[in-house]
Structures are given as C-alpha cells and as structure tokens.
Amino acid sequence: MKKKLHLILLIAGAVVLAAGLYCFASICGMKDAVYAGYGVSFSDASFAKVFVNDHDEEAVREDFNAAVLSGTGDSAADGTEAPTGTETPAETEATGAETETAPAAASAGAPYDTVIGSFSRVSSLRTAWRLQGIFLPVGALLCLAGLVLILRGKHLDFASIMRSKITWAVIAEILILIVCLIIRPDFFSISYQPSNHMLYGNLIDIINRSAEITIIGMGMTMVIALGGTDLSVGALVAVSGALALKLMRWDPTNPLYQTPGDYTVYPFILVLAVPLLVCLLMGLFNGMLIGRLKLQPIIATLILMVSGRGIAQIVTNGKQYTTMYSPFRWIGQGSCLYLPTPIVITAVIVVGVMLFVRKTAFGTFVESVGINANSSRLSGIDSRAIILIVFALTGLLSGISGLIYSSRIMSNDSNNAGLNYETDAILSVVIGGTSMTGGKFSLAGTVIGSIIIRTIVTFVYFFGIPADATMAFKALIIAVVIVLQAEPVRVWMAKRTERRALAKGGAMK
Amino acid sequence: MSVKTEKRQSLLTRIMNPKYMMVYATVIIFLIIYAYGAIRYGKSGFTTLRTFVNFFTDNAYYGISAVGMTMVLITGGIDLSVASVASLTGMIVAYGYERMGISPVITMLFSMLVGIGLGALMGAAIHYLNVPPFITTLTGSFLARGICSLISRESISMNHPLIDQLAGAKITLYRLVNLQNWEWEKIKPITKIDMTVIIFIVMIIAGTILLQHTRFGRNVYAIGGNEASAKLMGLPVGRTKIAVYAINGFCSSLAGIAYVLVVKSGWNMALLGGELEVISSAVIGGTLLTGGVGYMVGTMFGVLLKSVIPAIINFNGTLSSWWGKIATGGLLLLFIVIQRLVVSYTERKRK
C-alpha cells in the first residue's frame, strides 16, 4: 500500500513536471510570434524582462518608452532598465510596479495595431508563463519526494519527521515561497536566454546567489560539528579575491607593479591556484591553532578575521583593481549546462564533499570528535588530524567562494567582500539542523539553510523594503525557525503528536 | 571562616595567585608596548599625559560595552548584539530629537530600557529555549540593526544643548607647582578627561565591585565554572544569566550614548563589527571564552592595548593603517598562546 502511494506520488509529480515543461516549451516556441507584436509583450513587465535581451534591445526600449509616456506612465524610467540577469532590488521592484501601469499604456494604444492582433496569443502565453511557474517546482518537489521515499523504502513516521530539524527548515522555506507566489504569480517562472545560454528565473537566481554561502557552509557544517566556529571565512573571501585580482593585474617584470591591462599575463591557472593555496594555508593555520595548541575555535579564527582584511588591503596596496578577462568572468557570471556557473560549481562541491564525508569514515570521525574528543582519541581517532583537515577544507572552500564573489563584481573589494559571510554561513548551518554544541551534522540541511537565507533576502526585496532593513526580517524569520527547532519546543511538539496518536489508538480500541 | 584563612596568606602569595596571571600578562605587554613607544617616539610627545588620556578617550565606548561583555563571557556565553544595540540607541536618541522633538533625556532612558529589555529577552531565550548564545545574540544583532535601518537609512546629525553640554563636560587636569602657596597650573599640553572616559572608568569600578564583592558576582563565576554544578548547588542560574544579559544590554546602550556624545549623530551602520572589537578587548584582557575566568581590570587594559597600537602607527606616520589590523591580529595570537600556556601550566600543577 505504502509503496503504491510512493509510486502514485512519483507519477503525479512526473505528470505535473511534464505539464510545466510543455508550458516552458510552448513559451520558447511562440517567442518569435510574440516578437512580431512585441508591443504587447510589455503588457507584462516580466515578459519584457525575458524577451528584451536577445533582440534589438534599443528599438524595443524606445518603443516601450514611447508607449508608456503616451499612456499613463509615471514609472517609465524604471521599466527601461534592461534586465541583465544579475538582478538588483531596484529592478525587482520595477517589475512588480510595472504590471499594473503597462496594460493601461497598451490600451491607450498609440502605434499599436499589432497589439490588438496578437493580444489573445499573448494572454495565453502569459497563462502558460504563470502555469509553468507553478507546475515546474510542484512537479519537481513531488517527483523528488516520491523518489526519496521509494529509494529509502521507509515508512512515514509522523512523530520522527516532526522531531527532525530539517523538516522545519523545509517547511519554513516552502512557506516563504508560497507567500512569494501569492504576491507574484509568476514567481517560479523560468525562461531561457539564448544570448547567454542560460536559464533565468527567480528560483535560479536564489540558488545562484546563495552559492557562496552554500560552498562555505559545507566546511562550516563540519567545523560546527566539531563543536567550533570559523569566523575567518569572510576575511578569507576578501583575501582570495584580492590575490586573484592582484595576480591578474600585476606584471612581475615591471618592478613598479603597473597593471598590464585587461588580461592576465600569467598562465590563468595560477590566478586561480595561488589564492586557493593561500586560503588553504590560512585554514591550516586555523587548524594548527585549534588542533595543536587546543585554542578555542572562536578566538583562534578571530585572529584571521581581524587581520585577514588587513592582509587583503596590503596585497593590493589598498587599491581596487578591475578586470575584463572573460575566462575569469565565466566563473561568476558565465553559464555551464544552461545554468549559471556558480550553481554548477556549488553542485559539484556539495556532491564532492558529501561523497567524501559519507562514503568514507571521515564524517563519522568528525561526529565522534565533536561529541567527545577524548573518548574518540582513546578509540584511535587522530582528532588533531581531523580538526586540521576540516579547517583547511573550510579555508579552501572560502577561497573558492572568494573567487566566485570577485568574478561576479569583476573586481576586488577588501572591505566589503565576504562581509558577514561568517554569520550567514553559521546561520545556514544552524537553520539546517546542525547543533552548535557539536556532534551530528547534516550537509543537506546546510544547503537548505543557505537557500532559506537567500530566499528571505529576495522576499524582502519584493516588498520594496530597503536592503539595509533586510536584517530585521531575517532576524524575525530566523527567530521563528530557531524557536521551532529549539530542543524544548521540539520535545513538546513530538510529545503532543504522540499523545494524539495514542488518543486516536485508544478511541479505535 | 574563609575570610580569616584568606587573611593569613601572605600578600605575595595572594598577588602571585595564578588566576591573576592573565591580567598581569596584559598589563606587562601594555607596559612593554608603551615603553617601546616612549623610547621611539618620546620626543614627539608619546609620553605626555594627554596621549595617555587619549588611550582612554579613543575606545571609551568599546570599553563601556566591554564591561558587560566581560560578565557575559564569564558566564560562558557570548553577545554579538552589543554594537547593533549601541547603534540603535544612537538612532533612537538622534531620531527622537531631530524628527520628533523628544528631549534626549527621555530617549536616552527609553533606549536604555530597550537595551535592557532586548538583553533580558535574549538571556531568557538562551536559558529557557536552550538556543546557543551565539545564534540568539546574532539574531538579536540583526533585529537591532534592522530596526535601526527601518527608523532611518541615513545618518541623522543632532544638535541639542544637552548633548553639547555632556560632550563638552571635561575635567581639566592641574598640577601642583608650588607646595607652599598651593599654586596649581594646567598640565601642558592641556589634558582633559571627557565625559565618556568618566563613564568608562565608573563602569569599570562598578563592574569590579559587582563581580568581586557581591553574591551576584560569585554566582556569575560559578555558572561560568560549571553551569550544571551551579544548578545543583541551588544557585539561581536562570535569573543570573538573564540578569547578566540585561546588564550587558544596559552597557551596550550606555556605550551607544557615549558614541552619540562623540559623533553627535545617529547612523544605522554605526559601529559595524564593533562587537568583535569588544570581545577581543575582553579576551586580550584575560577573559576566557569558556567561562569562569575574567577580571574588569584586565578588560580595561585590553581596551587600552587596542588604543596603543593605532597610536604607535599614527606616531610612526609611514605605516599604512592596515598594519593596525594585522598587529591586532598578531596581538590576539600572542595573548591566546600565553593564555593557553598559563592554563596548561595550572592544569599540570593541579595534577
């Protein structure tokens, strides 16, 4: 019976997913048709966002301007901003505000004979666009749930699910996403951009932007599982970016360190390898202090947190270099497998770390050292080596994260690169259900936690709230998640569900 | 009874008690760095009393906050919200007067209440919900700074006679020139002690009394030493912890007021990253993050050390200020290693 339920879940998911894909395909197929009457495509601002980029952008923009100005358009200026995929809050707000004004502009209809001609087609397209946004994630979720259940073959034990911390994280994430969907029906929609070979959409953007924290979070999870914290990751991000840009713009043959231009004079691999190596060494330094000298992790990593940014400033002499070198741009802004490269890098790292941790005994060693370092030493685990490896790994991962960050801005910024990354990473680990006291850890939970944090940020932008105030909402949502996850609360909930189950059983007897 | 046995010990053994070692290390390193500055830059005025007083003035607001932080660290907790609460205080005072016309006295009292309330709330969450202090106070920090940004995103400068008066209230130091006629003369270069420094020193003294000479202080040390056994001994663990966080909230809002006196404005991003400055001052001063060990005097010297290094870099004039950060990091490393050595020494001795 249970197996059948799982299969039904899987099939239903597949059907919904197929419907979503059909919508997606039909949007792609009908795109050219829409271009014939592109005036209408602006009646939905998100359409503009999708379709503007890979056609004659200037002409389209001018037409749009003219239309909106002749109509109601107060906020014409907002809409003219060509979305470039790197989504800023201003643009998100603009797309939200535009939805109402634009149809009015279209109906004012100055040069829009084509508007009336293709209106029905466009509105059906819009429906497809929104349906796609609902079908795709729901289908994917159902499929995933079915697959997981079938593969694990576990029976659904409600009490144990309620007791798990990841459940609450997932529920929180889904709740936030549902609110987003209510505010913007096309929130989940995904579109393809041929000029960049990349898929665009809010969901992809959320995952893309959470890449840095997720990557650091992989190391941080194990650090926290050991019972420590690593505060130096943000500073290491700055160091890595500074070193990479320094190497790109630094000519060793010229003693005055003059910048040679927009390309690297080195073999490019050095630009990537040196920062990573330095970050690895810094991680090793942290590990040495904590493993050999038995220092408290918070304070040992505070050293590099304080001095790391100073080192980054000295590396670049306090300057801010910029570069246009395209292989470097690819790391943060390019596309790979039709996805933004950071997502692919993150996926590779997450899978790699998971395999390393769970398919070898390493993860168990980490948990053992985190629960009781002394007894694991007595049972033959070299806790110092474990600590060293974990901190070195965290350093290396922050280095990778720093490369992605500096590639996104194509520059180095020793003051702001990686600012507050340590707190975000720790929060994502804790939201993901790993206890700060050490012991058991969950890498998948960390990924969810980091996505939750990014979703909150996106969510707050949707209300048009200034970026500075994001923190208050972050705090509120995190407070709710943490209270739900708190030991006493969870015990109480679990007891309550058990009691209910007991009461039900009693009634049946 | 215990008082009597303590008195029987000779003064030397009491002073040389290993539990004070960390404080001594801080003081000695401060003296060494000060001596280095005095030898190197004595001619350009490093040894003057004014420079010395400026060590206090530079980081007075961090110092005020460090008083509360020391207590929190002694209980084995940590508070990352101090800088945000201080920033919120500044914002409340500035916004209250400039945009709403409320007297600074009322807003100051109100912001102190906010600080105490937020601290108590976090303490309660830490004690009753078992949430790690790190996460709780981080959330509190986000909350405070977020509210700050919601109030205003731009810096509000304020102009109120009371603030000017408080900021201008200074004690000028005199020295005795002639013993027979009791002639006093201003010390040159003219040395003045600011209001913020007075608050700082008063807080340090009050903190010392609270920690060393009251039942509450002994409870704080007991909880830091071992919370479980403190609970078994029947000490009011929950009440004490909540009180400690509330006191820390009070200290942070007081630090915020001191910061307002210095900059005369409120800004939502003020003192960004200040919480780690405060924590590292306390740690440099010999407070152990694992709890149970720490003294106010050490914290004071920790704050002074944090002002000496930038002062030396300033007097040098050629070093870039980034070296200050690296030097602070190096200093932290030094202290932690010393602490480690002392701790392992005492452990070995006990065995």
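Guide: Start with a cut-off. A residue is buried under 20% relative accessible area, exposed over 50%, and partly exposed in between. Keep in mind that this is a predicted model.

Visitor: Let me apply that cut-off. Is B:E227 buried, partly exposed or exposed?

Guide: B:E227 has a relative accessible area of 28%, so B:E227 is partly exposed. It sits in helix α12 of chain B, residues 227-232.

Visitor: Which side chain does B:E227 meet in a salt bridge?

Guide: The partner is B:K241, at 3.1 Å from N to O. Now check the partner's cover. B:K241 is buried, because its relative accessible area is 9%.

Visitor: How many salt bridges are there over all chains?

Guide: A search of the whole structure gives 5. Another one joins B:K264 and B:D164, at 3.5 Å from N to O. B:K264 is in the loop between α13 (237-263) and β6 (265-266) of chain B, while B:D164 is in helix α9 (residues 161-168) of chain B, so this pair ties together parts 100 residues apart in sequence.

Visitor: And what is the relative accessible area of B:K264?

Guide: B:K264 comes out at 30%, which means partly exposed. B:D164 is also partly exposed, at 30% relative accessibility.

Visitor: Where does the salt bridge of A:R408 lead?

Guide: To A:E212, with 3.1 Å between N and O. A:R408 lies in helix α19 (residues 383-409) of chain A and A:E212 in helix α11 (residues 211-225) of chain A, so the bridge ties together parts that are 196 residues apart in sequence. A:R408 is buried, at 14%. A:E212 is buried as well, at 3%.

Visitor: Now the two chains together. How is an interface sized?

Guide: The size is often given as the accessible area lost when the parts come together. Here chain A and chain B bury about 3500 Å² between them. Carbon and sulfur atoms hold 84% of that area.

Visitor: Which residues of chain A lose the most area to chain B?

Guide: A:Q296, A:D468 and A:M471. Together they account for 15% of what the chain A side buries.

Visitor: What is the count of salt bridges between chain A and chain B?

Guide: The count is 0.

Visitor: How do I get an overview of a single chain?

Guide: Take chain B. It has 16 helices and 6 strands. Of its 351 residues, 51% are buried. Chain B exposes about 16500 Å², and carbon and sulfur atoms supply 63% of that.

Visitor: What share of the chain B contacts with a separation of 6 or more comes from residues 24 or more positions apart?

Guide: That share is 75%.

Visitor: Can we zoom in on one residue of that chain? What does B:T196 touch, beyond residues up to four places away in sequence?

Guide: B:T196 touches B:A60, B:I64, B:A258, B:L261 and B:V262. B:T196 itself is in helix α10 of chain B, residues 195-213. With a relative accessible area of 4%, B:T196 is buried.

Visitor: Let me end in chain A. Is A:S376 buried or exposed?

Guide: A:S376 counts as buried, because its relative accessibility is 1%. This serine lies in helix α18 of chain A, residues 373-378.

Visitor: What lies 2.7 Å from a polar atom of the A:S376 side chain?

Guide: The backbone oxygen of A:N372. Leaving out residues up to four places away in sequence, A:S376 touches A:S368, A:V369 and A:I381. For a spacing to look up in the model, take A:F365: its C-alpha is 8.0 Å from that of A:S376, and the two are 11 residues apart along the chain.

Note on methods:
Residues are numbered from 1 along each chain as its sequence is written. Chains are lettered from A and ligands numbered from 1 in the order in which they are written. This is a predicted model: local features need pLDDT of at least 70, side-chain atom pairs count only at pLDDT 80 or more; totals for chains, interfaces and linings use all residues. Side-chain values use heavy atoms; hydrogens and water are left out. Helices (H or I, at least four residues) and strands (E, at least two) are DSSP runs, numbered from the N terminus. Buried means under 20% relative accessible area, exposed over 50%, partly exposed in between (1.4 Å probe, protein chains only). Contact means heavy atoms within 4.5 Å. Buried area is the accessible area (1.4 Å probe) that two parts lose on being put together, summed over both. A salt bridge is a side-chain nitrogen of Lys or Arg within 4 Å of a carboxyl oxygen of Asp or Glu. Accessible areas come from the Shrake-Rupley method with a 1.4 Å probe; for residues, only the protein chains shown count as cover. A polar contact is a pair of N or O atoms within 3.5 Å; within protein, one must be able to donate a hydrogen and the other to accept it, and residues adjacent in sequence count only if both atoms are side-chain atoms.
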